[in-house]
Amino acid sequence: MIIVQISDFHIIPDGALAYEVADTIDALKKTINYINSLSTPPDVVIVTGDIADRGRKESYRLAQEILSQLKSPFYMIPGNHDHKDNLAEVFSNHQYLHNRVHENGVDYICYSVDDFPVRIIGLDTSTPGAHGGGLGDKRLQWLDGKLAENTKRPTMVFTHHPPFASGFGHMDLEPFVSRKEFRQIIEKHPHVERVSCGHIHRAASMQFGNTIATTCPGVGMQIPIYLSPAAPSEFTLEPPGFLAHYLHNIWEDNPKIITHVGTVADHAEQYSEYPFFDFVSPS
Ligand SMILES: [Fe+2]
């Protein structure tokens, strides 16, 4: 089974450039074309938030138009730039967006997808009005119960905010709320193969309890590798990227998930496939 993860589109209405320079609509179109062209198409695509830059319905309509070109089914979770109700209203055929956990006056989008060999859990870590994220008691309880429902199948938990500090100073100013409690729940459920997130617009991985937490590159823009508490809030226009999570049992008794990082090339020639014709063993 192949799960492709894409994240952080930051779509702006009317073809406008995000932050005056980023053509996020074009970036999303190129990404979807590229995913559709993969030799081994994904069984499912997961979008880990920041679909719209300012949560507007016009942005979701644009995103919907482009995402409808995907040949694979897709699921979404909201990020801190999203408006949960606008998202659910525009993507009205995505019923799971109405699965909510009520906590402190907010209805968080939390759901599981049980149709695949890998069980997928979408967990909403975004509180309206806040840039940082985390989890409260109700969502933690919900997660614990959900994970206990099926301990036989490998499971991936998708969130927008990562439960670790990235090393990018400006992103780390707001720690993930209740990351310790989140980690304790993950540790209780060793069938969780991965916690995979968005938000930091860069592929990264870190140990999290007894599993691995990963983040996905951005589609709309990337965050530079500036590993310092002094790193300012800036982005680059490197090509969009994605993650491909592949469940297999090659060399293993039990199926495990390998995560690859892909880059969306600008020109078709860059992702044409060329043979290695000088295949020799080193002497
Ligand atoms: Fe983002």
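Let me begin with a definition: a residue is called buried when its relative accessible area is under 20%. The model I am presenting is a predicted one.

I shall start with strand β1, which runs over residues 2-6. Five of its five residues are buried, so the strand is largely enclosed by the rest of the structure. Both faces of β1 are covered. On one side stand Ile2, Val4 and Ile6, and on the other Ile3 and Gln5, all of them buried.

Which strands pair with β1? One partner is β2, residues 44-48, which runs parallel to β1 and is joined to it over four bridges. In that pairing, Val4 stands opposite Val45 of β2. Another partner is β11, residues 241-248, and here the pairing is antiparallel, again over four bridges. Gln5 faces Leu243 of β11 in this arrangement.

Let me now turn to the protein as a whole. Its secondary structure consists of five helices and twelve strands. The radius of gyration is 19 Å, close to the 19 Å that the globule rule gives for 283 residues, so the protein is as compact as a globular protein of that length. Along the principal axes, the C-alpha atoms fill a box of roughly 60 × 50 × 45 Å.

Of the 283 residues, 54% are buried. Among contacts with a separation of 6 or more, 68% are between residues 24 or more positions apart.

Finally, the surface and the charges. The accessible surface comes to about 13700 Å², and carbon and sulfur atoms account for 51% of it. There are 22 positive and 34 negative side chains, and the centres of these two sets lie 6 Å apart.

Key: Residues numbered from 1 in each chain as written. Predicted model: local features only at pLDDT ≥ 70, side-chain atom pairs only at ≥ 80, totals over all residues. Heavy atoms only, no water. Helix = DSSP H or I, 4+ residues; strand = E, 2+ residues; numbered from the N terminus. Rg over C-alpha atoms; globule rule 2.2 N^0.38 Å. Buried < 20%, exposed > 50% of the residue type's maximum accessible area, 1.4 Å probe, protein only. Contact = heavy atoms within 4.5 Å. Areas by Shrake-Rupley, 256 points an atom, 1.4 Å probe, with all protein chains shown as cover. Lys, Arg positive; Asp, Glu negative; His and termini not counted. Charge placed at Lys NZ, Arg CZ, Asp CG, Glu CD. Pairing = 2+ DSSP bridges.
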